[in-house]
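Subject: Structure handover

Hello,

Here is the structure I promised to pass on. Please open it alongside this email; my notes follow below.

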Amino acid sequence: MTRLRVRDLMSDHVMSVRPDSPLAEVRDLMIDRRIRHVPVVEDDGTLVGLVSERDLLRQVLAETEALPISARTDLYEAIRAREIMTRDVETIDVDEDISVAAQAMLENKYGCLPVVEEGTLAGILTEADFVRFLTEPEAEAAG
């Protein structure tokens, strides 16, 4: 039986932002693409952080609670991804066994794991990728 690797399930069309991207860009990306995690990368593709939907909500609630709506737009432009991102994000290699990734996500209650190849962001593995794999018709035929 062929072992499944992270590259077999991960999403490789990852939407990311730069550390100096405004919070408005991060928010719009999450809404437009219907995603909950946005990797933060340097120009060379090096992963430096991750902004989750939870990070975004926490920041927005903390900063905007007392502000009038007109001032909130300015705040979304003033705050940068580097200010709210989670640093030192656990990653996984593209060639790692999928069970290692699943165990890490389960034990740490991660919604995703950024996937790296030779030190640069190659994709992202999310809970949805596991669900998609288990519900695809090909998965039933293979099992």
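In which helix does D55 lie? D55 lies in helix α3. Keep in mind throughout that this is a predicted model.

**D55 and its surroundings**

I started with this residue. Is D55 buried or exposed? D55 is buried, because its relative accessible area is 9% and the cut-off for buried is under 20%. Its side chain has several polar partners to look at. The backbone nitrogen of S52 lies 3.0 Å from a polar atom of the D55 side chain. The side chain of T86 makes a polar contact with the side chain of D55, at 3.3 Å. There is also a salt bridge: the side chains of D55 and R58 meet at 3.6 Å, N to O. Both residues sit in α3, which spans residues 53-64. They are three residues apart, about one turn of the helix. Which residues does D55 contact beyond its neighbours within four places in sequence? They are L50, I84 and T86.

**Salt bridges**

How many salt bridges does a search of the whole structure find? It finds nine. Two more of them deserve a look.

The side chains of D43 and R18 form one, at 2.9 Å from N to O. This pair links distant parts of the chain, 25 residues apart. D43 is in the loop between β1 (37-41) and β2 (47-52). R18 is in the loop between α1 (6-9) and α2 (23-33). D43 counts as exposed, at 68% relative accessibility. R18 is partly exposed, with a relative accessible area of 31%.

The side chains of D129 and R132 form another, at 2.7 Å from N to O. Why are these two about one helical turn apart? Because they are three residues apart in helix α7, residues 127-135. D129 counts as buried, at 2% relative accessibility. R132 is partly exposed, with a relative accessible area of 42%. Elsewhere, salt bridges that share partners join R5, R7, D95 and E117 into one network.

**The nonpolar cores**

Next, the interior. In soluble globular proteins, nonpolar side chains tend to be buried together. The largest nonpolar core in this model has 17 residues. Which of them have the most contacts inside the core? They are V17, L23, V26 and V51. At least two residues of this core come from each of α2, β1, α3, α4 (69-78) and α5 (81-84). The largest share, five residues, comes from α2. In that helix, L23, A24, V26, L29 and M30 are buried. Just after α2, R34 takes a positive phi of about 55 degrees.

Leaving out residues up to four places away in sequence, V51 touches V26, M30, R36, H37, V38, V40, A81, I84 and M85. There is also a second, separate core of 12 residues. Among its members are I92, I98, A101 and L125.

**The three-stranded sheet**

Last, the sheet. Three strands form an open sheet in the order β3-β4-β5, with mixed pairing. β3 and β5 are the edge strands, and each pairs on one side only.

How do β3 and β4 run, parallel or antiparallel? They run parallel, and two bridges join β3 (residues 92-93) to β4. D93 stands opposite V116 in β4. The bridge partner of P114 is I124 in β5. β4 and β5 form a hairpin with two residues between them. In the turn, E118 has a positive phi of about 55 degrees.

β4 itself spans residues 112-117 and is mostly covered. Five of its six residues are buried.

Best wishes

Definitions and conventions:
Residues are numbered from 1 along each chain as its sequence is written. This is a predicted model: local features need pLDDT of at least 70, side-chain atom pairs count only at pLDDT 80 or more; totals for chains, interfaces and linings use all residues. Side-chain values use heavy atoms; hydrogens and water are left out. A salt bridge is a side-chain nitrogen of Lys or Arg within 4 Å of a carboxyl oxygen of Asp or Glu. Helices (H or I, at least four residues) and strands (E, at least two) are DSSP runs, numbered from the N terminus. Buried means under 20% relative accessible area, exposed over 50%, partly exposed in between (1.4 Å probe, protein chains only). Two strands pair if DSSP finds at least two bridges between them. A polar contact is a pair of N or O atoms within 3.5 Å; within protein, one must be able to donate a hydrogen and the other to accept it, and residues adjacent in sequence count only if both atoms are side-chain atoms. Contact means heavy atoms within 4.5 Å. A nonpolar core is a set of buried Ala, Val, Leu, Ile, Met, Phe, Trp, Tyr and Cys residues joined through side-chain atoms within 4.5 Å.
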